[in-house]
Amino acid sequence: MPWRTRAVPVVFATRWRDKMLRFAGLAFLRLAGIMLMASFAGAMLMRVAPGFASDDQELNSGLSAQSIQAIRQARLADTNIPRFYAQYLAALVKGDLGTSRSLNQPVKDLLRERLPVTLFNLAFALAVGWLLGLALAVAAQTLRWPVLNFLANGLSGTFISTPAAALALLFLLLRLPPALAAALLVFPKIYRYTQNLLEQSSEMPHVLTARAKGAGPVRVLAWHIAPIALPQLIALIGVSISIGIGVLLPIEVVSDVAGIGQLAWQAAQSRDLPLLINLTMIVTFVTVCATLISDAAQRGFTRSAA
């Protein structure tokens, strides 16, 4: 019955397609829900912050009474957060991100200028942090030199306890790239997690058996430890992106880098709600997308290995 033989791959392909569509739909709903909740929560926090109804432009002695009154009326229009948020979502559907109150520019133009700078610095910080963390963890696992372990643990302990603003100020004084400071703050998380993961994997029975049979440290790492550790390292990618964003934004503020970190600081200082809500959306989108992609990759790798 050849028709049944041909029908089996079709059935599996249909099931796989339906499962992927279901996963993509749930991921989209999760992403949209988290973005909406995060942006609304950010708007509410800004609303209850002290001095929300005030504006620095009111201190300008060159403005007339009518101009000051217009500024106050524009600020009072944002006090009703549910109504403001509904208007923002209606404009967002049409592709309108609003206008920055403090910078008097379209938010879309500001993001077009600042977002590539932050994304480039983030990519650089993650690449250097992962390269340094993996290299030291693998070297410590294969070589097992006490001096190397002591130096690597001391280096990671130093940077894991260093505030991002303090390290950014030091790099600013030394005229070093700010993205390198972010990389050194990402590195300890990668190194410590990878080192613990490799240590736990190296104690598994099949790894001990391979060593007892005379397999070298490089072969044991490549063929017996890495396949076990790889799915969890893939999941760490999404977490590292969140860590990178968290340390990069204050570094951009201290180093005066023209990225979204500096933009967010200016928006918070001036209570610029239209700008701040869009920045919250972008940070949430990048973080949640990275987590979803890493989770999907981890599941796919685990199923293929099984």
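The legends below accompany an overview and several close-up views of a predicted model.

**Figure 1. Overview of the helical protein.** The protein holds eleven helices and zero strands, where helices (H or I, at least four residues) and strands (E, at least two) are DSSP runs numbered from the N terminus. Of its 306 residues, 35% count as buried, a term that stands for under 20% relative accessible area, with exposed meaning over 50% and partly exposed lying in between (1.4 Å probe, protein chains only). Among contacts (heavy atoms within 4.5 Å) between residues at least 6 apart in sequence, 75% join residues at least 24 apart.

**Figure 2. Helix 4 and its kink.** Helix 4 has 37 residues, which at 1.5 Å a residue should span 54 Å, and the 52 Å between its end C-alpha atoms agrees with this; the expected span is 1.5 Å times one less than the number of residues. A kink of about 30° lies at R114, shortly before the proline P116, the bend being the angle between axes fitted to the seven residues ending at a residue and the seven starting there. After helix 4 comes R144, with a positive phi near 55°.

**Figure 3. Two loop residues with positive phi.** N104, in the loop between helix 3 (81-93) and helix 4 (107-143), has a phi near 55°, a positive value in a residue other than glycine. N104 counts as exposed because its relative accessibility is 64%. D256 sits in the loop between helix 9 (217-255) and helix 10 (260-269), and its phi, near 60°, is likewise positive in a residue other than glycine; at a relative accessible area of 55%, D256 is exposed.

**Figure 4. The largest nonpolar core.** Of the 40 residues in this core, L167 and I251 touch the most other members; a nonpolar core is a set of buried Ala, Val, Leu, Ile, Met, Phe, Trp, Tyr and Cys residues joined through side-chain atoms within 4.5 Å. At least two residues each come from helix 4, helix 5 (146-160), helix 6 (164-174), helix 7 (178-202), helix 8 (205-212) and helix 9, and helix 9 gives the most, with twelve residues. Leaving aside residues up to four places away in sequence, L167 touches F159, T162, A181, L184 and L185. Another core, of 26 residues, lies apart from the largest one and has A43, M46, L97 and L111 among its members.

**Notes to all views.** Residues are numbered from 1 along each chain as its sequence is written, and side-chain values use heavy atoms, with hydrogens and water left out. In this predicted model, local features need pLDDT of at least 70 and side-chain atom pairs count only at pLDDT 80 or more, whereas totals for chains, interfaces and linings use all residues.
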